[in-house]
Amino acid sequence: MQKVIITFAIGLVGVFIFKYFSLPLPWMMGPVLSVAIASNLPNITTQKLTPNIANPARVVIGVTVGSAFSASIINDLDNYMFSILLIIPFILLSTIFGVLYYHKLGGIDKNSAFFASQPGGFVEMVILAQSSGADVRKVILAQSSRLMIIVLALPFLIHTFLNIELPKSNAGNALPSIINIQINDALLMLLCGLTGWWIASKIKLGAASLLGPMAVSMIFYVFDFIHQRPPFELLNLVQLILGASIGSSFSGIRFKEFSKTLLFGAGHFIILLLLSLIFGVFSVWITGENWLSVLLAFSPGGQSDMNLIAILVGANVPFVALHHTFRLFIVMAILPVMHRNFDKFIKKKI
């Protein structure tokens, strides 16, 4: 428990530094950077956050994503379908280029490179890598570095190239303060989160703590049973938890390995960003959706992190969430089959 408190304290230091210099998304990006740096300093021991801490944060994100749905958005889902299907070739090409990159340049064996190259799904990739005999440590380092770089770089890219002013104080773009939340709405949000998590866990759904609450709360908001969205103070706490979680994944790594991992992660990020932009062009053309939402929908980050950033920057949250939900389905349902066949392919071609 002491290490957890220290980790969050270091994360808060990052928040205050980002706020002092008026940097964007301080509650998320500050903890990522401060905890990652502190994890590699002598005499400082941070704690990798357990599911008992991270899962409740994902429940809050799931309910917040579900709160962005409405009856009018449901009627527009057919307009998203072709864009969502682009996720399939996006994953395939990301895998091919990622395996080439990590195997040829990074010296990682082909099996581990396969899981290291996947665009998103940190937890899911580690689980599948463990069951497939891959080098789990290398997969964790590759996925952690990609996730960290995306969370740090993407907001600046959004601000620089899309000229969108990002929040520098709190997550309150369209979210109420906790002092204005009605008791009945708060209780229904809690019911959606816990019920959705429980149902999704029972049916063994991937990312149960996120997708279950999202699905149940979506129903409640579409039928107008809940009238308010979760408070921004709660989203700030969630950012602190997830940011510290990402940063703490580098705990115990020597500086040389840490810097090398980030360097290769940056290279992989550039590859994935180029693919995201290519598929984004087709998505914008098909759907007419704005570039901010499309970029986040095809960004190779984790489900929780990309949905959270979508909420914070005012993107089309349902559009982003549906793309990442479908990507997660592909990862969990199809990727193991793809891995068996891809293994035969890479032995001959790569």
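This is a predicted model: local features need pLDDT of at least 70, side-chain atom pairs count only at pLDDT 80 or more; totals for chains, interfaces and linings use all residues.
**Entry 1: helix α16**

I began with the buried residues of α16, and I found Val317, Pro318, Phe319, Val320, Ala321, His323, His324, Phe326, Arg327, Leu328, Ile330 and Val331. Buried here means under 20% relative accessible area, exposed means over 50%, and partly exposed lies in between, with a 1.4 Å probe and protein chains only. Because 12 of the 17 residues of α16 are buried, I noted this helix as largely enclosed by the rest of the structure.

Residues are numbered from 1 along each chain as its sequence is written, and side-chain values use heavy atoms, with hydrogens and water left out.

I then looked up the span of α16, which covers residues 317-333. Its 17 residues reach 24 Å from the first C-alpha to the last, close to the 24 Å expected at 1.5 Å a residue. The expected span is 1.5 Å times one less than the number of residues. Helices are DSSP runs (H or I, at least four residues), numbered from the N terminus.

**Entry 2: who packs on α16**

How do the axes of α15 and α16 cross? I found that α15 (residues 303-313) comes within 9 Å of α16, axis to axis, and crosses at roughly 175 degrees. That makes α15 roughly antiparallel to α16. Axes are lines fitted to C-alpha atoms, for helices over the stretch in contact, and angles run from 0 to 180 degrees between N-to-C directions. For the wording of angles, under 35 degrees is roughly parallel, over 145 roughly antiparallel, 65 to 115 roughly perpendicular, and the rest oblique.

I listed Gln303, Met306, Asn307, Ala310 and Ile311 on the α15 side, meeting Val317, Val320, Ala321, His324, Thr325 and Arg327 of α16. Contact means heavy atoms within 4.5 Å. This contact has 6 nonpolar, 4 polar and 1 charged residues. Ala, Val, Leu, Ile, Met, Phe, Trp, Tyr, Cys and Pro count as nonpolar, Asp, Glu, Lys and Arg as charged, and the others, Gly among them, as polar.

Next came α6 (residues 87-105), which packs on α16 at about 55 degrees with the axes 10 Å apart. That makes α6 oblique to α16. From α6 I noted Ile87, Ile88 and Ile91, and from α16 His323, Phe326, Arg327 and Ile330. By class, the contact of α6 with α16 divides into 5 nonpolar, 1 polar and 1 charged.

Methionine 306 lies in α15, and at 0% relative accessibility it counts as buried. I looked up its contacts, not counting residues up to four places away in sequence, and found Ile150, Leu154, Leu296, Ser299, Gly301, Val320 and His324. Methionine 306 is also 8.3 Å from valine 151, C-alpha to C-alpha, although the two are 155 residues apart in sequence.

Is serine 83 buried or exposed? Serine 83, in helix α5 (residues 77-85), is buried, with a relative accessible area of 0%. Leaving aside neighbours within four places in sequence, serine 83 is in contact with Ser283, Thr287, Phe298, Phe319 and His323.

I moved on to α3 (residues 51-66), whose axis comes within 7 Å of that of α11 and crosses it at roughly 30 degrees. That makes α3 roughly parallel to α11. Among the residues that meet are Val59, Ile61 and Val63 in α3 and Leu210, Pro213 and Met214 in α11. By class, I noted 9 nonpolar, 5 polar and 1 charged residues in the contact of α3 with α11.

Lysine 204 sits in the loop between α10 (183-202) and α11 (208-222). Lysine 204 is exposed at 75% relative accessible area, and its phi is near 60 degrees, a positive value in a residue other than glycine. In the loop between α11 and α12 I found aspartate 224, with phi near 65 degrees, again positive in a residue other than glycine. Aspartate 224 is partly exposed, at 47%.

**Entry 3: the end of α12**

Notes:
Helices (H or I, at least four residues) and strands (E, at least two) are DSSP runs, numbered from the N terminus.
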